[in-house]
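Let's take a walk through this model together, going from single side-chain pairs to the contact between chains. Keep the structure open beside the text as you read.

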Amino acid sequence: MASKMALSRSFRLWGRALVVQRRSMGTGPLGYFPSRLDIGKREVVGFGLTGEECYVEDVHSPFPAIRFKEDTAEIAMLREKEKGDWKKLTVPERKELYRASFAQTLTEMEAPTGEWKPILGVTLFLSSLGIWFYLWMRKFVYDDLPETMTNEELVKDQIRFMIEGRTNPVQGLASNYDYEKGQWKK
Amino acid sequence: MMSWGQLGFQDAGSYFMEEFIYFHDFTMMIILGVLSYVVVFLILGLISGWVDSGFVEGQLIEFMWTIFPALILIQIAFPSLLLLYLIEDFSKSFLVCKVIGHQWYWSYEIKTESSELLASVDCYMLPREDAFGMRLLLTDEFLMLPINVPVRILVTSDDVIHSWTLPSLGIKGDAVPGRLNQLNLTLNRKAMFYGQCSEICGANHSFMPIMLMGVYSWEFFAWLDRL
């Protein structure tokens with residue numbers, strides 16, 4: 001008995017989530033596609049983003065297909081008042097009506113989330129791991145630079161070779177050497 | 001050879017390398033123009049608040065951003081193909097130089113077009129203590145060629161694949177055993193040019209450098225007489 005009741009309840013819940021209805025818009029291949037969500041008593045007010053009767057609110061489509069809240073008695077009364085002159089609505093009443101239809105104002109939607117802080121933090125942390133790894137490689141893995149790069153006498157020999165060999169005489173090293181005077185150009 | 005901290009090309013030692021540098025500068029100009037254009041729009045797109053998500057099927061803009069890059073690419077392709085075929089133009093040459101890669105040294109045979117052997121040289125790398133600070137670049141002998149004389153270079157190998165490279169001359173030819181790869185070289189100035197083997201060929205692949213000296217014709221003949 002209890003298991004039958006549990007099964008029946010789960011069927012009802014499943015049915016509420018996925019009610020199979022013929023779409024009002026046509027009878028094509030998607031005509032029997034289960035598409036309608038249970039929106040309770042919320043009023044359908046427009047097309048929304050895709051035509052689905054669900055609350056989708058975004059800066060690209062700021063007008064959702066359904067109202068955000070179900071109409072209470074107080075809201076229903078304000079809706080009647082809304083049909084008249086809007087100047088007679090007080091500011092709290094206007095806010096109440098707005099909050100009944102929308103979850104957030106545009107300002108709240110566009111407000112900064114501060115998401116950049118953890119993003120920057122994690123990025124810098126991972127970059128620092130890379131830099132620590134590079135420093136470890138330099139200290140424990142790489143050999144010293146060869147003597148030909150650190151010994152000043154050998155570097156001077158190389159420069160002499162490069163001058164005598166006319167290395168890069170147009171824009172490079174030998175272009176800075178005056179061959180007639182035998183010295184660097186001033 | 002390269003100087004310390006050098007990022008760009010070495011100064012050209014052959015006429016082809018001059019053309020390569022000009023082509024590189026030309027293409028780099030186009031690349032920088034396109035890059036600037038893209039970066040400006042990228043930054044504008046990031047800092048602007050609103051975007052038009054409903055902007056689809058702009059036929060004119062799609063046409064322009066297809067045609068414009070195609071025109072740029074055609075403009076790059078013309079000099080590129082011109083150079084490509086120019087370096088393969090083997091008209092008159094006065095000397096033939098056969099470059100043979102061994103493990104791990106280069107040998108050169110200089111001949112006339114009628115295959116009369118003029119010189120044969122084996123070039124082994126000098127050890128570090130004898131190299132006057134020119135680590136991994138100096139050889140005991142070196143190849144000498146006359147400047148402003150077209151030379152046909154035939155590259156081959158005696159054992160495994162090597163690659164004969166001289167960056168300042170803009171030439172690189174794989175030395176493949178059983179095959180002759182032909183290169184065209186005309187030196188344009190008197191200088192010493194260095195290169196290194198560019199195809200992994202064993203334990204001493206890094207220790208078989210190439211030295212080539214460009215000299216006047218009479219100096220070249222004097223060198224031949226001394227050999």
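This is a predicted model: local features need pLDDT of at least 70, side-chain atom pairs count only at pLDDT 80 or more; totals for chains, interfaces and linings use all residues.

**Salt bridges and the interface**

How do the two partners differ in exposure? B:R152 is buried, at a relative accessible area of 17%, whereas B:E113 is partly exposed, at 37%. B:R152 counts as buried because its 17% falls under the 20% cut-off.

Now turn to chain A, where you can find salt bridges inside helices. In helix α2 (residues 73–82), A:R79 and A:E82 lie three residues apart, about one turn of the helix. Their side chains meet in a salt bridge at 3.8 Å, N to O. Here A:R79 is buried, with a relative accessible area of 10%, and A:E82 is partly exposed, at 28%. The two also belong to a network of salt bridges that links them with A:D71.

A:E152 counts as exposed, at 55% relative accessibility, and A:K156 as partly exposed, at 45%. Over all chains, the structure holds 11 salt bridges.

What, then, lies between the two chains? In chain A, 22 residues are in contact with 21 residues of chain B. Together the chains bury about 1,800 Å², with 62% of that on carbon and sulfur atoms. Look for A:F161, A:M162 and A:N168, which supply 30% of the area that chain A buries against chain B, more than any other three residues.

How many salt bridges cross the interface of chain A and chain B? The rule finds zero. Polar contacts are another matter, with nine residue pairs counted between the chains. On the side of chain A that touches chain B, α6 (147–150) and α7 (152–164) each supply at least two residues. The largest share, seven residues, comes from α7(A). By type, the residues of that side divide into 10 nonpolar, eight polar and four charged.

Note on methods
Residues are numbered from 1 along each chain as its sequence is written. Chains are lettered from A and ligands numbered from 1 in the order in which they are written. Side-chain values use heavy atoms; hydrogens and water are left out. Contact means heavy atoms within 4.5 Å. Buried area is the accessible area (1.4 Å probe) that two parts lose on being put together, summed over both. A salt bridge is a side-chain nitrogen of Lys or Arg within 4 Å of a carboxyl oxygen of Asp or Glu. A polar contact is a pair of N or O atoms within 3.5 Å; within protein, one must be able to donate a hydrogen and the other to accept it, and residues adjacent in sequence count only if both atoms are side-chain atoms. Helices (H or I, at least four residues) and strands (E, at least two) are DSSP runs, numbered from the N terminus. Ala, Val, Leu, Ile, Met, Phe, Trp, Tyr, Cys and Pro count as nonpolar, Asp, Glu, Lys and Arg as charged, and the others, Gly among them, as polar. Buried means under 20% relative accessible area, exposed over 50%, partly exposed in between (1.4 Å probe, protein chains only).
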